[in-house]
Amino acid sequence: MSSEQPRQDTTAIADTARNYVGNWTDPDGEVHEITNPATNQTFATVTYSTEADVDRTIGIAREAFQDWRETPVTERSQYLFDLKQELEDHQENIAQALSREHGKTLAEARGEIRRGIENVEVAAGIPNMTREESGMVEDVAPGIDETAVRQPLGVFAAITPFNFPAMIPLWFLPYAVATGNTFILKPSEKVPLSSQLIFEAVDAVGFPDGVVNLVNGGADTVNALLEHDNIEGISFVGSTPIAKHIYTTAAEHGKRVQAQGGAKNYAVVTESAQLDEAIPNVIGSVYGNAGQRCLANDVVVGVGDVYAELRERLLSAVDDLTVGSGLNEETDVGPLITDESYTRVNELIETAIEQGAELVVDGRDFEHSEYPDGNFMGPVLLENVTTEMDITQTEIFGPVLCLADAEDLDTAIEMVNSTEYGNASTIYTERGGEARKYRYDVDAGNIGINVGVCAPMGFFHFGGRKGSFFGDLHAQGEDAVSFYTEKTISIERYFNWPHTTVRYTIYNAYHSCSS
Ligand code: NAD
């Protein structure tokens, strides 16, 4: 493990996160400080939105809905092509802001923005996506045709977490507006500045006023959205307890909901795995984003004889990781988002040790020479963990690898399925049969075969199972189109249509036989 010389700190730049409701506006709530996780210094502020601010925003979004709905779908998709271009043009700027407010490395920030832009690209193809869902059946009865059309519903809102401040809003925004709805984003109050830059892009595109809106705030702002009569649906990503609250409260208020929760993901390494490739992949999955990823595999299970070599090579790879500011290109592991996160992860490690885990690598006392007040935790590796321990059942969200062994694949799969979550899981194998069994038997929404962070592309849906997801339609792709639209059946006939006698003869013959 090594430190590095950080770039010049940019934390002195003051900034403030504002709302966007057809234009930049300032809400009336409390002002909160935003701190840089690498320095723990305040560098910006965010003003929370009151219930009245939320009500005003929903009113404007609701007013914009009818015109936006009537805007030809080809025109709506042009706005998304323009948005893609704006985001492309400003992606480096967004990456810098994102890395500063979140702490993740610039490489991770750049990658995240690409995944976000990918969703804008997919949603720009909305004419095709909605067309494929429809289709007319002619002559369901004589001269009568039937079809299903997808129609937008009104105002949708998305509430997003701190760990992907640029990508996750773009899981929702492009699809909601492409399908003809208007939209409100409530980003995480811990990282509201990336959204400011996304909305600079929205502003530059020139969406009609009220189509794409941003409200900042915390729990009260969220609850005002959940309970408002003029919100049709809520998309949520965050921790499981809050996902449950969102799901039940929004449903009680008559809304459709998709609520993605927390995760506990295992990776299984078999004897046939190609360790040269598997090891860096596992390391990236566990320690990337300082472990603050819903797809992080924080428990790694070696099956059978692979365990000894796996252990040795993981230890050597961990030793090569560089901890530091995300703004330094050399950094592999950035800081945790807050001091409280550090304390929470530390307590989980302490409990694991009390419960019998062995601490093999301890990065908890890592101190950055330039940023001694930052929320840094160096890589931690625990061995001999079992499924009875809290640390193998609880989401860690920190740079911690828990190493376990299993005598065979069946035992490993039992371990993988032992948690209350079902977001993702990875197997490293070169045997098709093992891979198939894993995909078949593991109860998770996303399976990686030799892929440690199994994030689907924008044209596939993304969501977990069990305690990782509440709802039925996931984010992205075809599920997003279904979530943001209502299917209407249209049965039609025209009395002046010149029918042929042949068709009536067949119809009458059929009905006289069957009655
Ligand atoms: P969080 O649940 O604390 O916050 C998420 C959002 O909920 C924020 O916008 C926040 O303002 C709001 N919120 C927080 N408390 C609330 C309350 N009491 N009432 C109403 N709203 C409230 O999550 P986080 O710490 O920002 O993000 C990390 C979590 O998100 C992890 O559990 C991670 O696994 C999960 N996550 C899941 C996915 C997925 O796809 N399943 C993706 C990314 C992150």
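View 1. Strand β19, which spans residues 424–428, has 5 of its 5 residues buried, so the strand is largely enclosed by the rest of the structure. The model shown here and in the other views is a predicted one. In a regular strand the side chains alternate between the two faces of the sheet. In β19 both faces are covered, because A424, T426 and Y428 on one side are buried, as are S425 and I427 on the other, and buried means under 20% relative accessible area.

**View 2. The pairing of β19 with β13.** Strand β13, made of residues 265–269, pairs with β19 in the parallel sense, and 4 bridges join the two strands. Within this pairing, A267 has T426 of β19 as its bridge partner.

View 3. The structure holds 3 cavities of 30 Å³ or more, and the second largest cavity contains about 50 Å³ of space. Its lining is formed by A263, K264, N265, G291, R293, C294, A296, D298, E395 and F397. Sorted by class, the lining of this second largest cavity comprises 4 nonpolar, 2 polar and 4 charged residues.

Key
Residues numbered from 1 in each chain as written. Predicted model: local features only at pLDDT ≥ 70, side-chain atom pairs only at ≥ 80, totals over all residues. Heavy atoms only, no water. 1 Å grid on protein atoms, 1.4 Å probe; cavity = no way out; pocket = protein on both sides within 12 Å on 5 of 7 lines; lining within 4 Å. Points joined across faces, edges and corners; volume = space filled by probe spheres on them. Nonpolar A, V, L, I, M, F, W, Y, C, P; charged D, E, K, R; others polar. Buried < 20%, exposed > 50% of the residue type's maximum accessible area, 1.4 Å probe, protein only. Pairing = 2+ DSSP bridges.
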